[in-house]
Amino acid sequence: MVKVKVVERPPADLVVQSWLPELWKGMKVSGRHFFVNLLTQKGIVTSQYPEVKRAYPPRFRGKHRLMRREDGSVRCVACFMCSTACPADCISIVAGQRDDENEKFPVTFEVDFIKCVFCGMCEEACPCDAIRLDSGVHRAPAYTRKEELNGKEDLLSLGSLSVARQGGEFK
Amino acid sequence: MTLTFVLLTLAKILGFILVFCVILAAILTWVERKMSSIIQDRIGPNRAEILGFRAFGLFHPIADMIKSFTKEEFVPAGASKTLFFLAPAFALVPTLCAFAVVPFGPGDLVISNLDSGMLFVFAIMGFGIYGVTLGGWASASNFAMLGALRGAAQMVSYEVSMGLNVVGIFAVFGSVSLTAIVGAQGHLLWGWLPMWGIVVQPLGFVLFLVAAMAENKRAPFDLPEGESEIIGYFVEYSAMGFATFMLSEFLEVIVIACIAATLFFGGWQIPWLDPTGTAGGWITVAQVAFFAFKVLFLCWFQMLIRWTVPRFRYDQVMSLGWKVLLPLSLANILATAVVLALVV
């Protein structure tokens with residue numbers, strides 16, 4: 001049996017039914033809000049959006065950015081961990097051979113923001129600290145599907161230097 | 001003599017009705033939105049700007065006006081065209097006429113000093129119902145018709161108790177002329193208490209305010225409008241037709257404030273200062289300003305009630321009118337008569 005809690009109705013005595021004392025109580029509340037907000041604006045919760053923007057929380061996941069090494073080249077080694085982890089299948093990478101060392105690099109690195117759900121799995125899968133979602137840039141709407149497809153240059157332009165050791169080793 | 005009289009009357013009409021009342025009605029649309037927002041902890045309209053000045057959203061009434069003038073005047077199919085265009089005027093004109101007998105200052109500062117004063121107000125306000133019913137009927141829309149029927153029933157019911165409520169005032173001050181009533185409120189009770197209507201008829205004031213707000217069809221009595229259900233008798237109106245209905249509603253707020261200030265708050269009387277209104281000069285200016293202050297206060301008070309109380313159910317409105325207000329107003333008349341018979 002479901003337990004039902006019966007809530008007693010407040011008694012509708014003559015004071016309540018005569019309506020005026022209750023009206024007076026309500027007017028005191030709305031009058032207090034009126035004067036407090038008129039004189040001090042203390043209770044106002046609205047923020048003036050386009051002028052005043054709310055700060056995003058520190059763990060906000062925005063657009064991806066590709067990090068750089070100290071020499072400015074891309075940290076990504078095209079290991080496909082991120083695109084494998086991606087539940088939305090939005091990352092597509094074409095790998096190539098680096099000239100300067102025995103390592104791969106992404107020839108193209110595309111993130112389709114129509115598909116992306118900003119879950120952060122790619123960030124967690126990455127062994128090189130090469131992809132991060134902490135750019136703080138909101139995904140903006142676009143007019144064409146092509147604009148939503150961000151390539152390596154777009155993602156690198158949001159990126160910056162990472163000083164983590166290549167290979168993701170902990171010190 | 002006659003030319004001076006005509007010019008003076010025109011000046012008074014221009015100054016009191018067209019400048020004070022109509023502009024105040026436009027500002028009240030701003031006050032209503034701004035007041036509701038700060039009561040609900042919001043900021044309210046503040047985006048309309050002229051050359052970068054926003055003036056707390058005071059330009060919004062101007063923006064509204066430009067919008068209503070330039071919008072398409074839509075007539076629904078099957079509507080009775082003539083009546084459809086006439087109905088807003090039927091709502092607006094009686095409201096504007098009611099200001100004619102309100103004494104806004106001592107002496108000659110009243111547009112028409114009619115002996116039948118308050119009776120004229122009731123007669124002319126009774127016409128307001130035509131705007132509602134014609135607007136609802138001419139729209140050829142079921143929702144509009146429903147709103148019009150509700151509005152007609154509500155206005156007829158509350159007109160009765162509104163009329164009976166002020167009978168007590170007539171009995172106490174011995175006149176129906178608003179000028180005479182204001183003059184009589186300059187007397188002092190026991191040598192110190194101003195004999196204002198609210199002092200001698202406190203119950204009458206409460207009942208009058210309730211009945212007047214119900215007659216104005218504003219929340220908590222906005223059943224004929226009912227934004228969340230039937231939209232009401234002006235649902236088919238767009239542009240200036242709708243704006244005229246809105247304007248007449250806000251003007252009616254001012255009419256109620258003017259009548260309540262005149263009957264119950266001593267009109268232009270400043271307590272203990274020049275009760276006969278013959279001093280002239282700066283005292284007259286102060287008296288007119290004090291009347292304006294009372295009107296503004298009563299407008300504010302009506303807005304406060306409007307944003308405090310939720311809407312009644314329709315049967316509650318009817319039973320409040322006929323089963324509560326009417327007996328109470330009759331009892332108020334009886335009590336007033338008994339007291340007058342014993343004291344005077």
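How much area do chain A and chain B bury between them? About 1,600 Å², with 68% of it on carbon and sulfur atoms; buried area is the accessible area (1.4 Å probe) that two parts lose on being put together, summed over both.

A word on what you're viewing: this is a predicted model, where local features need pLDDT of at least 70, side-chain atom pairs count only at pLDDT 80 or more, and totals for chains, interfaces and linings use all residues. Residues are numbered from 1 along each chain as its sequence is written, chains are lettered from A and ligands numbered from 1 in written order, and side-chain values use heavy atoms, with hydrogens and water left out.

Now select the interface: 19 residues of chain A are in contact (heavy atoms within 4.5 Å) with 17 residues of chain B.

Next, pick B:R54 and A:E51, whose side chains meet in a salt bridge at 3.7 Å, N to O. The rule (a Lys or Arg side-chain nitrogen within 4 Å of an Asp or Glu carboxyl oxygen) finds 2 salt bridges across this interface.

Finally, move to chain B and show helix α1 (residues 2-39) and helix α2 (residues 60-70): their axes come within 8 Å and cross at roughly 115°. Helices here are DSSP runs (H or I, at least four residues), and axes are lines fitted to C-alpha atoms over the stretch in contact, with angles from 0 to 180 degrees between N-to-C directions. To see the contact, select B:A26, B:T29, B:W30 and B:R33 on α1(B), plus B:H60, B:P61 and B:D64 on α2(B).

Key:
Helices (H or I, at least four residues) and strands (E, at least two) are DSSP runs, numbered from the N terminus.
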